[in-house]
Amino acid sequence: MKKIDVHFQDDSYSIFIGRNFLSGIGSLIKNKYSFDKVVIVTDDIVDSLYGEVVENSLLKEYISARRIVIPHGECSKNLDMLRYIYNQLTDFGITRSDLLLTLSGGVIGDLGGFAASTYLRGIPFIQVPTTILAQVDSSVGGKVAIDLDGGKNLAGSFYQPKAVFIDIDVIKTLPVHYFYDGLAEAVKCGCIGELSLFTLFESIKTKEDIEKKLENIIEKSCQYKASIVEKDEKESGLRMFLNFGHTLAHALESFKNYQGISHGEAVSIGMSVITENTERMGLTEKGTEKKIKEILSLLHLPIKTSISIEKLMPYIMHDKKIRGDFITLVILESIGKPKLIRVPLEQISTYLATGSSL
């Protein structure tokens, strides 16, 4: 099992990457940590596959455990489900000496992590991500949140887990759509700085190639993101580069009410659109857009949208990166060389004009 250490002044932790260890995760947890009870937060799909496996693994180690199962999908990342989790934690008598374990993709990681960060003003939690998207991105860095009516992740906090356990073999049960979806965030890491990862993607020709290199992709993505968040835990500078493609992506997800478009698809469109526009404006090296779009297309990810920027603007205006009359956008000067620019709000459409607006 490989280990990546994430260093913070107060809340350092490790990411463990391996294969076929989920049935023994109770032993791994018991050997490294001491908790009285463990509550597993998962969704209905993942629960049917792995919920009982993980709970039995904990019980085998004489760790009291209970599962909280919620409906799958982004629509569950809301105040009602947060309240439901709080009530379940209360019923189970969870204290600060207990553990919350998130078992699923990014939705459960965000929702369960936010519950952990706020229940009793903070209880320990561990992430066990079961999608590529969560393994390469959302489980690393301590961003936890829920969605509000006005937009995605508008209520949240920075709260680091005690550990992240990544079992690559759980990917075998992912639908093909979500297999490719999760790779968008790994491509993003290659675009903004991890050049070896971008080169790796350029060498891929088939799904079999991806499967052979998947462990390497996950490891490189985690290492790169860890190196960023260590330097900027609260997103005051360097960590903002990780938002490449996300301003348009979050607006698309909100516009679609989190249905009919996945996060990876939205990020893919966001990266493609902003790079197409900045290259046209002379801010990005010629050919950058083509390189990105070739990789995303090979991964069966969308690179454009028919939704106009005018329809997306009300959602963009709720973006967390807005300060006063300006928004901070992440653009590429070239592959591996990102740049933060402050854009007046009235000029957003120039940078984020979609296919129907160009």
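**Terms and the values behind them**

Modeller: Let us start with Y258, which sits in the loop between α9 (246-255) and α10. Helices (H or I, at least four residues) and strands (E, at least two) are DSSP runs, numbered from the N terminus. This is a predicted model, in which local features need pLDDT of at least 70 and side-chain atom pairs count only at pLDDT 80 or more, while totals for chains, interfaces and linings use all residues. Residues are numbered from 1 along each chain as its sequence is written, and side-chain values use heavy atoms, with hydrogens and water left out.

Biologist: Why is Y258 called buried?

Modeller: Buried means under 20% relative accessible area, exposed means over 50%, and partly exposed lies in between (1.4 Å probe, protein chains only). Y258 has a relative accessible area of 16%, so Y258 is buried. Its phi is near 60°, a positive value in a residue other than glycine.

Biologist: What is the phi of N153, and where is N153 found?

Modeller: The phi of N153 is also positive, near 60°, and N153 is not a glycine. N153 belongs to strand β8. With a relative accessible area of 16%, N153 counts as buried.

Biologist: How many disulfides does a search of the whole structure find?

Modeller: The search finds 0. A disulfide is a covalent bond between the sulfur atoms of two cysteines. The criterion is a pair of cysteine sulfur atoms within 2.5 Å.

Biologist: Which residues does the UniProt annotation "binding site" cover?

Modeller: The annotation, from an unreviewed entry, covers G106, V107, I108, G109, D110, T130, T131, K143 and K152. UniProt positions are given in the numbering used here, feature names are shortened, and annotations may be inferred rather than shown by experiment.

Biologist: What makes G106 count as buried?

Modeller: Its relative accessibility is 19%, so G106 counts as buried. G106 lies in helix α4 (residues 106-118). V107, also in helix α4, is buried with a relative accessible area of 17%. G109 is another residue of α4, and its 4% makes G109 buried.

Biologist: Which residues is G106 in contact with, leaving aside its neighbours within four places in sequence?

Modeller: Contact means heavy atoms within 4.5 Å. On that basis G106 is in contact with T131, A134 and S138, when neighbours within four places in sequence are left aside. With residues up to four places away not counted, V107 touches G73, E74 and K77. Leaving aside neighbours within four places, G109 meets T102, Q127 and V144.

Biologist: Is K162 buried or partly exposed?

Modeller: K162 has 38% relative accessibility, so K162 counts as partly exposed. K162 is placed in the loop between β8 (151-158) and β9 (163-167). K162 and S12 are 150 residues apart in sequence, and their C-alpha atoms are 7.8 Å apart in space. Not counting residues up to four places away, K162 touches Y13, S14, Y33, P124, F125 and I126.

Biologist: Why are α6 and α10 called oblique to each other?

Modeller: Two packed helices are described by the angle between their axes and the distance between the axes. Axes are lines fitted to C-alpha atoms, for helices over the stretch in contact, and angles run from 0 to 180 degrees between N-to-C directions. The axes of α6 (residues 176-192) and α10 (residues 263-280) come within 8 Å and cross at roughly 40°. Angles under 35 degrees count as roughly parallel, over 145 as roughly antiparallel, 65 to 115 as roughly perpendicular and the rest as oblique. The two helices are therefore oblique to each other.

Biologist: What is the handedness of this crossing, and which residues meet there?

Modeller: The crossing of α6 and α10 is left-handed: the term applies if the near helix is turned anticlockwise from the far one by less than a right angle, and right-handed applies if clockwise. H177, D181, A184, E185, V187 and K188 in α6 meet H263, G264, E265, V267 and M271 in α10.
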